[in-house]
Amino acid sequence: MFDSDDDSPQLSAQALAALQEFYLEQQQKETSVVDKFSVGAIEEDWQLSQFWYSKETAERLAKEVISAAGKGGKIACISAPSIYQKLKELQNEDFSAFVLEYDRRFSVYGDEFVFYDYKNPLNLPEHFEPNSFDIVIADPPYLSEECLSKTAQTVKFLTKGKILLCTGAVMEEQAAKLLGLRVCKFIPKHNRSLANEFRCYVNYESSLDS
Ligand SMILES: C[S@@+](CC[C@H](N)C(=O)[O-])C[C@H]1O[C@@H](n2cnc3c(N)ncnc32)[C@H](O)[C@@H]1O
């Protein structure tokens with residue numbers, strides 16, 4: 001390995017080249033893992049009512065659901081792929097997460113992607129047992145009672161109790177009626193400015209409320 005006749009050890013040109021190649025491969029692997037899960041890695045498609053959270057909001061909400069899920073907790077992200085991506089970026093934590101999404105581009109996330117159409121709210125994989133998720137976070141695509149009431153069926157089926165909903169401020173009454181949720185002080189932000197005001201709603205003691 002060493003080919004110098006002075007006292008300081010040195011690598012041979014061959015070993016040095018192999019080492020450089022190894023570091024380059026490691027760097028490429030790390031970059032692709034980070035890119036794959038970064039918020040915005042998959043571009044917004046406005047036809048699908050996709051408006052991604054700002055990085056700060058995605059991080060705040062991801063940390064909130066990790067804390068609410070508890071150690072080893074199970075998290076369902078319904079129509080909220082940025083939260084799933086941020087959770088994966090923070091994967092040093094002890095939890096498991098699934099992304100339920102209509103946009104099949106998110107199938108790059110393998111077994112943790114589940115195709116989901118709110119119009120068939122209980123068409124879910126067999127391995128999704130009733131009331132098996134420690135927290136469910138949802139951000140339905142449309143600000144309508146029809147969309148929220150169908151999404152609410154999925155949320156109620158999956159959750160053990162805790163729910164975090166992000167949707168328009170205009171949905172406050174429906175969120176309370178359908179899911180027993182109250183509005184939080186925290187105001188979610190998006191990458192682009194939207195015509196509608198957005199809010200978060202919860203049914204448990206949450207840091208989003210302080
Ligand atoms: C308002 S966006 C919420 C995204 C969230 N702000 C984020 O950054 O992750 C609505 C989401 O619903 C998804 N969606 C569109 N049509 C849907 C459908 N029929 N059923 C379920 N989800 C749908 C979109 O792909 C999008 O991810």
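## Sheet, core and ligand shell of a predicted model

Strand 1 and strand 2 run parallel and are joined by six bridges. In this pairing I75 stands opposite A97 of strand 2.

The chain contains five helices and seven strands. Read from the N terminus, its elements follow the order α-α-β-α-β-β-β-α-β-α-β-β. Of its 210 residues, 34% count as buried. Among contacts with a separation of 6 or more, 59% are between residues 24 or more positions apart.

The seven strands form an open sheet in the order 3-2-1-4-5-7-6, and the pairing is mixed. Strand 3 and strand 6 (182-183) are at the edges; each has a single partner strand, so one side of each lacks a neighbour in the sheet. Strands of a sheet pair through backbone hydrogen bonds, in either the parallel or the antiparallel sense.

| Strands | Sense | Bridges |
|---|---|---|
| Strand 1 and strand 2 | parallel | six bridges |
| Strand 2 and strand 3 | parallel | three bridges |
| Strand 1 and strand 4 | parallel | four bridges |
| Strand 4 and strand 5 | parallel | five bridges |

E101 has F115 of strand 3 as its bridge partner. A76 is partnered by V136 in strand 4, and A138 stands opposite L165 in strand 5.

Strand 2 is mostly covered, with five of its seven residues buried. Strand 5 is also mostly covered, and there seven of 10 residues are buried.

Helix 2 has 15 residues, and from its first C-alpha to its last it reaches 21 Å, close to the 21 Å expected at 1.5 Å a residue. Its buried residues are T57, A58, L61, A62, E64, V65, I66, A68 and A69. An α-helix has 3.6 residues a turn, so residues three or four places apart point the same way. The buried residues of helix 2 pack against strand 1 (73-78), helix 3, strand 2 (95-101), strand 4 (133-138) and strand 5 (159-168). Just after the helix, G70 takes a positive phi of about 80 degrees.

The largest nonpolar core comprises 49 residues, and those with the most contacts inside it are V65, C77, I83, V136 and I137. Helix 2 gives the most to this core, seven residues. V65 is also one of the buried residues of helix 2. V136, the bridge partner of A76, is in contact with A76, I78, V155, L158, T159 and I163 when neighbours within four places in sequence are left aside.

What makes V202 count as buried? V202 is found in strand 7 (residues 198-202). It counts as buried because 24 C-beta neighbours lie inside 10 Å, and the cut-off for this class is 20 or more. Apart from neighbours within four places in sequence, V202 is in contact with I163, L164, L181, R182, C184 and L208. One of these contacts, L164, is 38 residues away in sequence, yet the C-alpha atoms of V202 and L164 are 4.8 Å apart.

K36 lies in helix 1 (residues 13-37). K36 counts as partly exposed because it has 14 C-beta neighbours inside 10 Å, and this class lies between the limits of 12 or fewer for exposed and 20 or more for buried. With its neighbours within four places in sequence left aside, K36 is in contact with A41 and V108. K36 and V108 are 72 residues apart in sequence, and their C-alpha atoms are 8.5 Å apart in space.

**The ligand shell**

Which residues are closest to the ligand? The ligand is surrounded by 19 residues, and S79, S82, Y102, D139 and P141 are the closest. The shell divides into 11 nonpolar, four polar and four charged residues. Its largest share, three residues, comes from helix 3 (residues 81-89). Helix 3 is also among the elements against which the buried residues of helix 2 pack.

Definitions and conventions: Residues are numbered from 1 along each chain as its sequence is written. This is a predicted model: local features need pLDDT of at least 70, side-chain atom pairs count only at pLDDT 80 or more; totals for chains, interfaces and linings use all residues. A residue is near a molecule or strand if its C-beta atom, placed from the backbone, lies within 6 Å of it. Helices (H or I, at least four residues) and strands (E, at least two) are DSSP runs, numbered from the N terminus. Ala, Val, Leu, Ile, Met, Phe, Trp, Tyr, Cys and Pro count as nonpolar, Asp, Glu, Lys and Arg as charged, and the others, Gly among them, as polar. Two residues are in contact if their C-beta atoms, placed from the backbone, lie within 7 Å. A nonpolar core is a set of buried Ala, Val, Leu, Ile, Met, Phe, Trp, Tyr and Cys residues joined through C-beta atoms within 7 Å. The expected span of a helix is 1.5 Å times one less than its number of residues. Two strands pair if DSSP finds at least two bridges between them.
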